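Biologist: I have the coordinates open. Please walk me through them, starting with the overall layout.

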Amino acid sequence: KQWYQRRVAITAGDGGQNTNITEFLQPPPTTGTVDAIRNEISELKLQVRQEDLNIREEMYSMLGGMSKESGSSIQAYMIETVKELLGEVKRYQELTQQLALEKLDQVQSNQESAAESFLEIQSNQALGLRNHESAAEKLLEIYSNQALTLRKLEEAQSRQDATLDKLLEAQSSQESTLEALSTVTASQESTAATLDNIQSTQDSALEEATSCSNMIDLMRSEVRLLSLYKLTWQNFTNSYLQSDFVVDGVYNRVNDINGHNPISHSGSTLRNQVLIVDLGGLFNIHTVKIWSRIANTEMIGGFVYADDTLMGALTEYKYLYNFRAHGTVFARKIFLKQSAANYLTALEIQVLGSGPYGEKEVY
């Protein structure tokens, strides 16, 4: 037994110190799958069988040189030793099988955990795949939105470019307008200066007009001879004794027909003969004077009108008839009418008054 232990120690490689068969036969810790463990167990069995064969060969060689009694004693001892070894080997095999079973259980548990992990991984992979698909859809949607946004940005850029062009155009137009406004401003300033001059001129002209108006009003207010050389008309005329002779300014007491003191003569004794003096405007009539022929009663029966206003009647012979207006009388024409069956003659007709006036100035 000591020899066998020594042999085992030498085989183990530590010189026989602190070594036994259990330690020698204790397999090194192994890891791996079930197939790897089974391979290790088969190798251990081969090693034990090989050791057994080696021991038998040595025993036979040793027994060959001994006596029969010694041989029997050693053989008995060796049988016991072999039995013990077989018991150790059996226990070792049981321990090895128990260890293998534990490892198998552990491997199976690990495989179950790995299967669960694999299922979880597959579930996670499926979930991840769905997430990837969802993410891919979202990415496609994002890409579509980005493409749409890009198109909108391009459209906005195009609109911005168009707006910029319009703004540049408007700026150019504004600059042109500013230049035009500057020109207009300069023109307005010049016009303002001109208007100031015109206003000053107008003020001066207004002052002059006012002065002239005052002078005109003063002149118009003067009672003067209005009928001299004005237009006349009569409905009957005796030869060359025209109606214009009553406004020629010649009236004296000699030669009233063929001399230097001509008269107007109707040459007819019909009723309602008329002689008209057109004053040429609207005047304020003050007095109408009628100069008659010398010692002639042909004027009796006549009437004097200023337009529609009766100034007086010729009821008796006078060399000079004076008909003064009663109140304010405005007229454009003076009428001398003969209502009697007699000639209509006159040496001179003189109309005195002021004016002329406008229609709106009549009072």
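**Layout and strands**

Modeller: From the N terminus on, the elements of the protein chain run α-α-α-α-β-β-β-β-β-β-β-β-β. Helices (H or I, at least four residues) and strands (E, at least two) are DSSP runs, numbered from the N terminus. This is a predicted model, where local features need pLDDT of at least 70 and side-chain atom pairs count only at pLDDT 80 or more, while totals for chains, interfaces and linings use all residues. Residues are numbered from 1 along each chain as its sequence is written, and side-chain values use heavy atoms, with hydrogens and water left out.

Biologist: What share of the residues is buried?

Modeller: Of the 363 residues in the protein chain, 25% are buried. Buried means under 20% relative accessible area, exposed means over 50%, and partly exposed is in between (1.4 Å probe, protein chains only).

Biologist: Now β5. Which strands does β5 pair with?

Modeller: β5 (residues 302-306) runs antiparallel to β6 (residues 309-314), joined by five bridges. β5 also pairs with β7 (residues 320-338) in the antiparallel sense, over five bridges. Two strands pair if DSSP finds at least two bridges between them.

Biologist: What sits between β5 and β6?

Modeller: Two residues, and the two strands form a hairpin. Asp307 in the turn has a positive phi of about 55°.

Biologist: Which face of β5 is covered?

Modeller: The one with Gly302, Val304 and Ala306, whereas Phe303 and Tyr305 are on the uncovered face. In a regular strand the side chains alternate between the two faces of the sheet.

Biologist: Why does the pair of Phe330 and Tyr357 count as edge-to-face?

Modeller: Because the planes of Phe330 and Tyr357 are at 90°, with the ring centres 5.6 Å apart. Phe330 lies in strand β7 and Tyr357 in strand β9 (residues 348-357), so the pair ties together parts that are 27 residues apart in sequence. Both Phe330 and Tyr357 are buried.

Biologist: Which residues do ring pairs link into a cluster?

Modeller: Tyr251, Trp291 and Tyr319.

Biologist: Next, His265. Where does His265 lie, and is it buried or exposed?

Modeller: His265 lies in strand β3 (residues 264-265), and is buried with a relative accessible area of 7%. Leaving aside neighbours within four places in sequence, the contacts of His265 (heavy atoms within 4.5 Å) include Phe236, Leu241, Arg293, Glu298 and Tyr343.

Biologist: What links Arg293 and Glu298?

Modeller: Their side chains meet in a salt bridge (3.6 Å, N to O), and both residues are buried. A salt bridge is a side-chain nitrogen of Lys or Arg within 4 Å of a carboxyl oxygen of Asp or Glu. By this rule the count comes to three.

Biologist: And the other ones?

Modeller: Glu316 meets Lys318 at 3.9 Å, N to O. Glu316 is partly exposed at 43% relative accessible area, as is Lys318 at 38%. Arg332 meets Glu359 at 2.6 Å, N to O. Arg332 is in β7 and Glu359 in the segment after β9, so the pair ties together parts that are 27 residues apart in sequence. Arg332 counts as partly exposed at 35%, and Glu359 is exposed at 56%.

Biologist: Last one, the surface. Which residues form a nonpolar patch?

Modeller: Leu164, Leu167 and Leu168, with about 290 Å² of accessible area together. Patches are made of residues with over 30% relative accessible area and no salt bridge, where like charges are joined within 9 Å and nonpolar side chains (Val, Leu, Ile, Met, Phe, Trp, Tyr) within 5 Å. Leu164 is in helix α4 (residues 68-221) and is partly exposed at 45%.

Methods
Accessible areas come from the Shrake-Rupley method with a 1.4 Å probe; for residues, only the protein chains shown count as cover. Rings of Phe, Tyr and Trp (its six-membered ring) pair if their centres lie within 6.5 Å; planes under 30 degrees apart count as stacked, over 60 as edge-to-face and the rest as tilted.
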